[in-house]
Amino acid sequence: MWKVLLGFAAALACVYAQTTTGTVSGFVSDPAGAAVAGANVQLINQGTGLALKAVSGEGGNYVFPLVQPGAYEISIEKSGFQRFIRTFTLEVTQQARLDAQLVVGQVSENVTVSAATVLLESETSNLGQVITQRQVMDLPLNGRNPFALAALTPGVTPLGGFGAGLAQQRGAAQSAGANNFMSNGGMTGSNEILLDGIPITVCCQGQPALIPTIDTTEEFKVQTSTSQAEFGRTSGAILNIVTKSGTNPIPGRTDRRTPLRYNQFGIAIGGPVILPKIYNGKDKTFFFANYEKVFLRRSLFRTFSVPTEAMRNGDLSAAPAEIFDPATVTPNPSLPGRFLRTTFPNRIIPRNRQIGLSQNVLKLYPLPQRTGILNNLDSVASSRDDDLSRSAILMDSSLGHFIEKMFERRCSMSRENKHDSGAAEGARR
């Protein structure tokens, strides 16, 4: 009974490993290229501190299966050789090969490889691209839908509604659009979407049951062709998403969002031209009018340089140039017509030389948020308003079936107003 349960558990682990986890393997050799057996290999997850251990076999090979994506450090030790250390990042479903050639020496000596060299992936032939966590977090996404970044993959063609956020359309349409892309000519809506190894596509349009936020998405891989046998249920691509897990450092993220208001409205009306007691244009003369208005209110977030507390008190010692006393202007005896001035000692303006006007002006500037004299304040810099209006009027008249349209008149107009309150006003708020 226990053997059956253990076998079932192992089978589940293998299924999970074939969808999100990767493999790290390699060959350990001496300076002559001969296999080194019995080398102690340790793989440490830099986020969680989890350590996996293995020993190279008679042929010098080692392997770590079922490895979660993330940043790792691998170390290889063998008596008579220096310790080999390398850091790298394992991506979704990556079959990474990392060979190590040991150097003769003491184990207490280290050979550290820190170059961000792309690891060989010779164990699989699938094609695709990994969208990294940095891309997910840093690239602009209108509506915060990470699926939109799949369009960065060669061979992927996004179609209508793909990658849209809730700010652009309702939730049901957003989910339907999440699978509305083609991969290398494959059928739209027939792409498989996996979340932590679990298929989340549902019936009808192949939309996912949920769309993870960018803050919970660690990374994802878009596999476009020649995927392994364990991936099925698709005539297109495979979008393989991995969510974040806990780490020893406590991560956090705070978004400062500037005001954004978008209002779009309008009216359209049409019918026969009827002037009571004057003209009845039914079946003859018609009009159609349309008016549309857009209000867009948004603020800009910028970085400023403002006076420090020391500068407000006359201490300009952090300034990059000398500060001259304007009350010490004297003729230059060596250059007639030229003048000399004396600098303030240590670039400090005495308190009795500071006028009240300058102190009042300084009160209009906010205090810096961090040290330094440059780029020391983040603030909403300005309010930018865009007003767009469009209008159109159409009128046509006909004389029955003989003359379909006797005349037609169209008038269309578009007007846009922009207003920027300016950086100084925004900084004072």
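What follows is a working chat about the chain shown above, which is a predicted model.

Reader: Start with the overall content. How many helices and strands does the chain have?

Author: The chain has seven helices and 24 strands. This is a predicted model, and the values below are computed from it.

Reader: What share of the residues is buried?

Author: Buried residues make up 34% of the 429 in the chain.

Reader: On to sheets. What is the strand order in the one with β3 and β9?

Author: The order is β3-β2-β5-β6-β9, an open sheet of five strands with mixed pairing. β3 and β9 (110–113) each have a single partner strand, so one side of each is left without a neighbour in the sheet. From one strand to the next, the twist averages 20°.

Reader: Which way do β2 and β3 run, and how many bridges join them?

Author: They run antiparallel, and five bridges join β2 (residues 40–45) to β3 (residues 51–55). As one example of the pairing, asparagine 40 has valine 55 in β3 as its bridge partner.

Reader: What sits between those two strands, and which residue has a positive phi?

Author: The hairpin of β2 and β3 has five residues between the strands, and glycine 49 takes a positive phi near 80° there.

Reader: At the other end, in what sense do β6 and β9 pair?

Author: In the parallel sense, over four bridges, with β6 covering residues 83–90. Phenylalanine 84 stands opposite valine 111 in β9.

Reader: There is another sheet with β15 in it. What is its order?

Author: That one reads β10-β15-β16-β13-β14, again an open sheet of five strands with mixed pairing. Its edges are β10 (127–131) and β14 (198–199); each has a single partner strand, so one side of each has no neighbour in the sheet.

Reader: How do β13 and β16 pair?

Author: β13 (residues 192–195) and β16 (residues 238–243) pair in the parallel sense over four bridges. Within that pair, leucine 194 stands opposite asparagine 240 in β16.

Reader: Threonine 217 now. Where is it, and is it buried or exposed?

Author: Threonine 217 is in strand β15 (residues 217–225). The residue counts as buried because its relative accessibility is 0%, and the limit for buried is under 20%.

Reader: Which residues does threonine 217 touch?

Author: Leaving out residues up to four places away in sequence, threonine 217 touches Gln133, Val136, Pro146, Pro212, Ile241, Val242 and Lys244.

Reader: How far is its C-alpha from that of alanine 151?

Author: The two C-alpha atoms are separated by 9.7 Å, and the residues are 31 apart along the chain.

Reader: Switching to charges. How many salt bridges are there?

Author: The count comes to six. One of them joins arginine 83 and glutamate 77, with the closest N and O atoms 2.6 Å apart. Another joins aspartate 99 and arginine 97 at 3.3 Å, N to O.

Reader: How exposed are aspartate 99 and arginine 97?

Author: Aspartate 99 is partly exposed at 39% relative accessible area. Arginine 97 is also partly exposed, at 23%.

Reader: What about arginine 370, which residue does it meet?

Author: The side chain of arginine 370 meets that of aspartate 378 in a salt bridge of 3.1 Å, N to O. Arginine 370 is partly exposed at 36% relative accessibility, whereas aspartate 378, at 19%, counts as buried.

Reader: Last one. Which residues form the nonpolar patch on the surface?

Author: Ile355, Leu357, Val361, Leu364 and Tyr365 form the patch, with about 500 Å² of accessible area together. Leucine 364 lies in the loop between α6 (356–362) and β23 (377–399). At 52% relative accessibility, leucine 364 counts as exposed, because the cut-off for exposed is over 50%.

Terms used:
Residues numbered from 1 in each chain as written. Predicted model: local features only at pLDDT ≥ 70, side-chain atom pairs only at ≥ 80, totals over all residues. Heavy atoms only, no water. Buried < 20%, exposed > 50% of the residue type's maximum accessible area, 1.4 Å probe, protein only. Contact = heavy atoms within 4.5 Å. Patch = residues over 30% accessible without salt bridge, like charges linked within 9 Å, V, L, I, M, F, W, Y side chains within 5 Å. Areas by Shrake-Rupley, 256 points an atom, 1.4 Å probe, with all protein chains shown as cover. Salt bridge = Lys/Arg side-chain N within 4 Å of Asp/Glu carboxyl O. Pairing = 2+ DSSP bridges. Axes fitted to C-alpha atoms, helices over the stretch in contact; angles between N-to-C directions.
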